[in-house]
Structure formats: C-alpha cells, structure tokens
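Subject: Structure handover

Hello,

Here is the structure you are taking over. My notes on it follow below.

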Amino acid sequence: MIIGVPKEVKVNENRVSLTPAGAGMLTQSGHQVFLEKGAGENSGFLDEDYIQEGVNILPTAHDVWSKAEMIIKVKEPLPSEYELFQENQVVFTYLHLAAAGDLTDHLLQKNVTSIAYETIQLPTGELPLLTPMSEVAGRMSVQVGAQFLENYYGGRGVLLGGVPGVPPGDVCIIGGGVVGTNAAKMALGMGASVVIVEKSAQRMRQLDDLFNGRVRTLMSNPYNILSAVQKADLLIGAVLIPGARAPKLVTEDMVKQMKNGAVVVDVAVDQGGTIETIDRVTSHSEPTYEKYGVIHYAVANMPGAVPRTSTLALTNVTMPYVMELANKGFDQAIKENQALKLGVNTYKGKLTYKAVADAVDHPFNPLDEIL
C-alpha cells in the first residue's frame, strides 16, 4: 500500500501521525511511505530520521495526498485540505464529524473512506485510540486550569493546592471516564479538593475505590451539577458519547452563577462541548475568552501542546491498525476486525456511523448493507 503522511495544518498542532519507528515497520513490510517535508519536526523527528527508514520525503501536502492510497493524520482535515481528497482514498485520523457537517459533506462528495480514531471500539466498550489522548488532555486540563486561575491571566488568584492555614481550590469535573479520572489524579496531586459528577452509580463506586474516598462523587442531575459548579474554582468538562455531540450538561445560567475569575476547561469541545457557554473553539495561541466573568478555555487539540509525549502515546495505539489496513487492505481488515469496522464513518459516499448521521442530519447507511 502507498501511505501518505501530510504535515498537520491545524493551528498549533505539532503532532505527527507516524514516527520513524512506525514508518520502518511499514517499509520493512513492503509498503511505500510518503511524508511531507518537516511533518515530524515539531515532535522531535527530523526528515533524516524517516529517510533512514526508507521514507520518501515530498515537498508539499498536494504531492503527498495525490500519491497516497491511505492518508494517516492526527487531526480532522481542514477546509484547505478538502480539495486534496482523492476519489476512494482512505483517510485514517481523528474526525469528530458530529460537530463538522461541512467536512462530512466533502468526504461524502469525494467518496472518501474515512476511519475515525475516536469511534474504533472494542467489545468491552473501550475506545483504544481515544484513550491515550484523553489521558493527556485530562492531565493537561488541570495544568492549564491552574495556570489561568492565576491573577495575571484574569483568574481568581487561587492556588489549587492552597497552603497551610489556607484551604485548597475546588475542582469540579463533569464526567468520570478516562478524561475525568486523569484530571482527578492531577488535581489531587496538586492538593486540590475534587468532586466528580457522574451518571453511572457503578462508575462512582469504581472511582471511590480508585481514589480511596479522597474524591467526592455526585450523581449527575441538574441540582447537583449547579451545586458543584457554583462552588468550583476550576470546572472541567469531560463527557464523551462515542461519535455523537457532547450533551450540554452545564447551562449558561449555571455559568452565570460561578465565582468571578473561575476557570472553565471543556475537554469535550471537539465534540461540541458539554458547557453551554463554550460557543467557540480557541487555539493554543489564543486559548481563552471571558464570559460572565469566567475564563473559558476551549482548545480542541490540547495534546498538540505536548507533541512529543502525545505523538508517542498516539502512535503506540494506532500502529497495529495502520499495519492491519496496509497488510490486508481495507475490505479484509474490516471484515476481520470488528473494532476497526466501527471506526468507518463514511464509505462510498454514504454515512455509516449512526451517531454521526443523527448529529449532522444525514441518512444512516449500515456498512454491512453497503458491503
């Protein structure tokens, strides 16, 4: 198979979808790899590192897209890349189509076979390609939240860990999944007071055991959410429904009742956000805006700020699927791997993932019927 790795074009996105080690695995298996010049530099991988693994370096993204049977990326294609789509090409990346109707339309128009990292799902319900980035984003959410709580950034001037004689800051996490759990680990490590709002009683029991009672848990309902949000110095949105738009659990009215100078970090912003006042996506260069006296952080590619760690963590889990697609071809790979099959969002001009189809108001076409 001919595999293309373009440079990421999203603002401040510094990850790369293939490491030199991964490229070597592909070339040693007889595949061709084309990499856009400089694609790995911000993650610490030089073109020379790839050349040593048999990779061909091409000068432009157009060169890479035009040659490749399968494109592997980190983030969803942006409008500047739509014209580069090739008929019947496979694109393997994070897509988040439920919040991207325009991208969905262009993938369908070009008959692109798109496979979303975030909807590949194991029989256990685990999302293996989302987990490492959720771990990174969850830990970063507390790190950046602590920073923007500083008075210099417009925050309340609260130190999350407090000091002897001064109480710690209050962190409220909406959602007790991978993001929420990792956020709680970091917040506890800083010495903060932490509450997790979660809808699953079973998950709350697991969290109670995991943290040995050091984290308070609350059943998710409007009354409890409002109570926790009002008290929070740092509010973290950490809700995920695979493939679908995130539910708006924290309303605008709730945000109005937060403390002046409190900070909101919505990790679910790439799926539309779970906090109603997150009404725009920000970037690492301009990460925040203020609304109702509350600092809002809405960066959709948080792991891009720590690209070395994130690239290694991501490619650890994507490479087995990349190898399977390359070695077997798309048809055979999805026939043999149900988890990979669930990753297919568009195929032959049709939407094949129901949650996405519902979110963008397009007809849903089961992949089995098309095949």
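How many aromatic pairs does the count come to? By the rule used here, in which rings of Phe, Tyr and Trp (its six-membered ring) pair if their centres lie within 6.5 Å, the count is eight. Planes under 30 degrees apart count as stacked, over 60 as edge-to-face and the rest as tilted.

Before the details, some conditions. This is a predicted model, in which local features need pLDDT of at least 70, side-chain atom pairs count only at pLDDT 80 or more, and totals for chains, interfaces and linings use all residues. Residues are numbered from 1 along each chain as its sequence is written, and side-chain values use heavy atoms, with hydrogens and water left out.

Aromatic pairs

One of the pairs is F148 with Y297: the ring centres are 5.9 Å apart and the planes stand at 45°, so this pair is tilted. Helices (H or I, at least four residues) and strands (E, at least two) are DSSP runs, numbered from the N terminus. F148 and Y297 are both buried, meaning under 20% relative accessible area, with exposed over 50% and partly exposed in between (1.4 Å probe, protein chains only). Ring pairs also join F148 and Y297 with Y152 and Y153 in a cluster.

F330 and Y347 form a stacked pair, because their centres are 5.3 Å apart and their planes are at 25°. F330 is in helix α12 (residues 330-336) and Y347 in strand β14 (residues 344-347), so the pair ties together parts 17 residues apart in sequence. Both of these residues, F330 and Y347, are buried.

Helix α11

Helix α11 (residues 307-328) has 22 residues and spans 30 Å from its first C-alpha to its last, close to the expected 32 Å (1.5 Å times one less than its number of residues). There is a bend of about 40° at T318, and a proline, P320, follows within four residues. The bend is the angle between axes fitted to the seven residues ending at a residue and the seven starting there. Just after α11, G329 has a positive phi of about 85°.

The whole protein

The protein has 15 helices and 15 strands. Of its 371 residues, 55% count as buried. Its C-alpha atoms fill a box of roughly 65 × 45 × 35 Å, taken along the principal axes.

Regards
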